[in-house]
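Have the viewer open as you read.

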Amino acid sequence: MQRLAPLSPRFVSVTYGADGSTRDRTHQLVSRIQRETHLTGAPHLTCVGASRAEVLEVARRYWDEGVRHIVALRGDPPAGARILALGDFNHAADLVAFI
């Protein structure tokens, strides 16, 4: 973050693993970016395997912390998972409309 800050990017995109496997670490990093720098954190939010309630909880946590930029993606299922097990959203457009 210290090396990136002088470049003044419009936002810093922070991803997480397939099926949201590192969602909590992403949240911690984005919170730290918002708190410790002048940079704008933009966490990834995927919907594969996620329920509407889960997505709403994550989005509200970001909102409550002042995060206003989200990279909304469908995402990839974990390795070996059937693509039919998408969760409550089939496409990123469904996720964006819901948010």
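## What you're looking at

This is a predicted model: local features need pLDDT of at least 70, side-chain atom pairs count only at pLDDT 80 or more, and totals for chains, interfaces and linings use all residues. Residues are numbered from 1 along each chain as its sequence is written, and side-chain values use heavy atoms, with hydrogens and water left out.

## Overall layout

The protein chain has three helices and three strands, and along the sequence they come in the pattern β-α-β-α-β-α. Helices (H or I, at least four residues) and strands (E, at least two) are DSSP runs, numbered from the N terminus.

Of the 99 residues in the protein chain, 31% are buried; buried here means under 20% relative accessible area, exposed means over 50%, and partly exposed is in between, using a 1.4 Å probe and protein chains only. Take the contacts (heavy atoms within 4.5 Å) with a separation of 6 or more: 72% of them link residues 24 or more positions apart.

The three strands make an open sheet, ordered 1-2-3, with parallel pairing. Strand 1 (12-14) and strand 3 (71-73) sit at the edges with a single partner strand each, so one side of each has no neighbour in the sheet. From one strand to the next, the twist averages 20°. Two strands count as paired if DSSP finds at least two bridges between them.

Strand 2 (residues 41-46) is joined to strand 1 by three bridges, and three bridges also join strand 2 to strand 3. On the strand 3 side, T46 partners with L73.

How buried is strand 2? Six of its six residues are buried, so strand 2 is largely enclosed by the rest of the structure. G41, P43 and L45 point one way, A42, H44 and T46 point the other way, and all are buried.

## Helix 1 and H27

H27 lies in helix 1 and counts as buried, because its relative accessibility is 6%. Leaving out residues up to four places away in sequence, H27 touches R61, Y62 and E65.

## The largest pocket

The largest pocket has a volume of about 150 Å³. A pocket is found on a 1 Å grid over the protein atoms alone, as an open set of points where a 1.4 Å probe fits, with protein on both sides within 12 Å along at least five of seven lines; lining residues have an atom within 4 Å of a point. The volume is the space filled by probe spheres set on those points, which are joined across faces, edges and corners.

L56, A59, Y62, W63, V67, R68, I70, F98 and I99 form the lining. Helix 2 (residues 52-64) supplies the largest share of it, four residues. By type, the lining has eight nonpolar residues, no polar ones and one charged. Nonpolar covers Ala, Val, Leu, Ile, Met, Phe, Trp, Tyr, Cys and Pro, charged covers Asp, Glu, Lys and Arg, and the others, Gly among them, are polar.

Finally, have a look at S8, in the segment before strand 1. Most residues other than glycine have a negative phi. S8 has a positive phi of about 50°, although it is not a glycine. S8 is partly exposed, with a relative accessible area of 48%.

Terms used
Axes are lines fitted to C-alpha atoms, for helices over the stretch in contact, and angles run from 0 to 180 degrees between N-to-C directions.
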